[in-house]
Amino acid sequence: MDAIRLWVALSGTVGKNKVFSYKDFDYAESFINKLYNSALFVKNADAEIGEKESDASMSLFDLWILDRLNSITKEVEDAYDRLDLNTAMNKIIEFYWHEF
């Protein structure tokens, strides 16, 4: 069900019709699967560590990815405020596939 919702959000901008494509649906399903698996990984890793790290003990990469996450979050919120689901979802997917 979530893959269908994601496919709809990625179907384009308002006023443009897109024909259903199994290839696009498979892409959405793969993304949802990656999102689920990484959330599980982080949850299990966090349970093993137990304590949150302070900024002082974070690596340069950790600080960079958190900075990128904050930037993407702002861009996605702006897109949602404009009711531009396509842009919001594309920003999330770009970050998740290519940076996270």
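Let's start with R82, which counts as exposed because its relative accessibility is 54%, above the 50% cut-off for that word. R82 forms a salt bridge with D84, and the closest N and O atoms of the pair are 3.8 Å apart. Keep in mind as you look around that this is a predicted model.

How many salt bridges does the structure hold? There are four, and the R82 pair is one of them. Another joins D78 to K74, with 3.1 Å between the closest N and O atoms. These two residues sit four apart in helix α3, so about one helical turn separates them. D78 is partly exposed, at 29% relative accessibility, and K74 is partly exposed too, with a relative accessible area of 49%.

A further salt bridge brings together the side chains of R68 and E99, at 2.7 Å from N to O. This pair links distant parts of the chain: R68 lies in helix α3, while E99 belongs to the segment after α4, 31 residues apart. R68 counts as partly exposed because its relative accessible area is 23%, and E99 counts as partly exposed at 22%.

Now follow helix α3 itself. The helix has 22 residues and reaches 32 Å from its first C-alpha to its last, close to the 32 Å expected at 1.5 Å a residue. Which residues of α3 are buried? They are I65, I72, V76 and A79. Seen down the helix axis, these buried residues fall within an arc of 50 degrees, so they line one face of α3. On the other side of the helix, L60, N70 and D81 are exposed. Part of what covers the buried residues of α3 is helix α4. Just after α3 you will find L83, which takes a positive phi of about 60 degrees.

That brings us to α4. Among the residues of α4, N86, A88, M89, I93, F95 and Y96 are buried. Take a closer look at I93: leaving aside neighbours within four places in sequence, I93 is in contact with L6, L10, Y27, F31 and H98.

Several of these names come up again in the largest nonpolar core. This core has 17 residues, and those that touch the most other members are L6, L10, A28, F31, M89, I93 and F95. Where do they come from? The elements that give two or more residues to the core are α1 (2–10), α2 (22–49), α3 (60–81) and α4 (85–98).

Finally, visit helix α1, where R5 has its place. R5 counts as exposed because its relative accessibility is 53%. Along the sequence, R5 and A28 are 23 residues apart, while in space their C-alpha atoms are 8.8 Å apart. A28 takes us back to the core, as one of the residues that touch the most other members there.

Terms used
Residues numbered from 1 in each chain as written. Predicted model: local features only at pLDDT ≥ 70, side-chain atom pairs only at ≥ 80, totals over all residues. Heavy atoms only, no water. Core = buried A, V, L, I, M, F, W, Y, C linked by side-chain atoms within 4.5 Å. Buried < 20%, exposed > 50% of the residue type's maximum accessible area, 1.4 Å probe, protein only. Contact = heavy atoms within 4.5 Å. Expected span 1.5 Å × (residues − 1). Arc of directions from axis to C-beta.
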